[in-house]
Amino acid sequence: MRRPTPVGRVGRIMRSRIRRHPTAERARHTKTSPGQHDPRACYSTRPNPTPQIAMPELPEVETTRRGIAPHIEGRTVTEVAIRQPKLRWPVSEPLAAAIQGKRLREVGRRGKYLLLGFDSGTALIHLGMSGSLRIVKPDEPPRFHDHFDIAFGNRVLRYCDPRRFGCLLWVESDPYGHSLLASLGPEPLGEDFTPEYLFQRSRKRRVPIKQFLMDSKTVVGVGNIYANEALYMAGIKPIRKASTLTKRQSELLVAQIRFVLQRSIDQGGTTLRDFVGGDGQPGYFKQQLLVYGRGTEPCKQCGKALKEIRMNNRTTVYCTDCQR
DNA sequence: ACAAGCACCTGAAAGC
DNA sequence: TGCTTTCAGGTGCTTG
C-alpha cells in the first residue's frame with residue numbers, strides 16, 4: 001500500500017518542519033554542489049560487506065560499552081574524523097575541537113545513550129536503529145557507512161550506521177541535565193525499577209501495556225523485541241490497557257524484564273572480542289527468542305499458533321492462550 | 001497530562 | 001530479470 005502523502009495545510013506544515021534538536025547546535029548543511037568537497041569521497045568504495053543490521057537495544061548498548069571501554073578509557077584523543085555529520089541531528093560542530101587532546105575519563109551509559117565522559121564535557125552517542133561501534137587500527141580504511149572516528153593513538157573508535165538514526169552530540173554541562181536524558185525513566189536493572197513503581201505509574205494510563213513499557217519515560221531500554229519477550233514470559237497480553245495491570249502482574253513483569261535484559265547482557269559478554277577488528281556487532285540475534293520474529297509459529301508453551309499484529313506501527317507477537 | 005502520528009534513513013524483501 | 005514499492009524500527013517532536 002502506498003504511504004499516504006501529506007496534503008493540504010497539515011501537509012505543508014509537516015513538510016516545512018525543520019529537523020533539529022532544540023539544544024543541539026543548529027549546524028547547517030548545505031547541499032554539496034559539483035566541484036565542492038563531497039564528504040562521501042572519504043569512504044572507501046561501496047563494495048564492502050554490508051554491515052549486519054542488528055537493532056541495538058539496551059543489552060547491545062551495554063555490551064558495546066563494555067567492549068569499547070577497556071580500549072579507550074584513560075587515553076587521549078589524537079584525532080577526530082567526521083565523514084558524515086548528518087545523523088539524526090547534525091553532529092555537534094564544536095565536538096572535534098573540544099575533545100582533541102583531551103583524556104577520556106570513562107564510558108558510561110544512561111538508557112541506550114553512551115556517555116563518553118571527558119574532563120570537561122561529554123559526548124553523547126546513540127546507536128539509533130542500526131548503529132554500531134568498534135575498535136579498529138588507524139590504517140583500516142573506512143567502509144561506506146562508517147560515519148565518524150575518534151582516534152586514541154593506535155586505537156580508533158569507529159561508528160557505523162547505515163540508517164543514520166543515531167547521534168553524536170557534545171554536552172559541556174551536566175549530561176544528565178540534558179533534555180535528552182533529563183526525562184528518562186529508571187534503569188530497568190536498577191533498584192528504582194520496582195513493581196510498586198510500575199504499578200503506580202500505570203494507574204491512569206490507557207495506552208496498551210506494551211506501548212507503555214516501550215515509553216522511555218516509564219523505563220529505559222525496553223524496545224520492541226524485549227517488550228514482546230517480557231510480556232510473553234509474564235503471561236500478559238500486550239494489547240491490554242496499562243491501567244489494568246494488577247500488583248501481582250507488575251511483580252511478574254518487572255522480574256521478566258530484568259531477566260530477559262540481564263540474560264542478553266550475559267550472553268553478549270561472550271562476543272566482546274568482536275569489537276576489536278571485527279564487525280562490532282554483538283551476536284544477540286543468534287539468541288533464542290520465544291515470540292519475536294516467530295510470526296504465527298506454534299507457542300512454545302501450549303503449541304497454539306502465535307498471533308502477529310501491528311500495534312502502534314510495531315510488530316507485536318503474542319499467544320492468545322498463554323497471555324491474558 | 002495524555003495520546004496519536006509523523007519524521008528521520010536505507011537495506012532487504014516483496015510486488016509487479 | 002530488473003525496476004518500484006513497502007517494510008522495519010527508536011524515539012523526539014508536533015498536534016489533537
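Predicted model: local features only at pLDDT ≥ 70, side-chain atom pairs only at ≥ 80, totals over all residues.
Me: What makes the pair of phenylalanine 148 and tyrosine 159 stacked?
Reply: The ring centres are 4.7 Å apart and the planes sit at 10°. Pairing needs centres within 6.5 Å, and planes under 30 degrees apart count as stacked, so this pair is stacked. Phenylalanine 148 is in strand β6 and tyrosine 159 in strand β7, so the pair ties together parts 11 residues apart in sequence.

Me: Why is the pair of phenylalanine 193 and tyrosine 197 called edge-to-face?
Reply: The planes make 65° with the centres 6.4 Å apart; over 60 degrees counts as edge-to-face, and the centres must lie within 6.5 Å, so both tests are passed.

Me: How do you know that the charged end of arginine 203 sits over the ring of phenylalanine 199?
Reply: That charged end is 3.8 Å from the ring centre. The distance limit is 6 Å, with an angle limit of 35 degrees from the ring normal too, and arginine 203 is listed as sitting over the ring.

Me: What makes β2 and β8 the edges of the sheet?
Reply: The order is β2-β3-β4-β8; β2 and β8 each have a single partner strand, so one side of each is left without a neighbour in the sheet.

How values were computed: Residues numbered from 1 in each chain as written. Chains lettered and ligands numbered in written order. Heavy atoms only, no water. Phe/Tyr/Trp six-rings, centres within 6.5 Å; stacked < 30°, edge-to-face > 60°. Helix = DSSP H or I, 4+ residues; strand = E, 2+ residues; numbered from the N terminus. Pairing = 2+ DSSP bridges.
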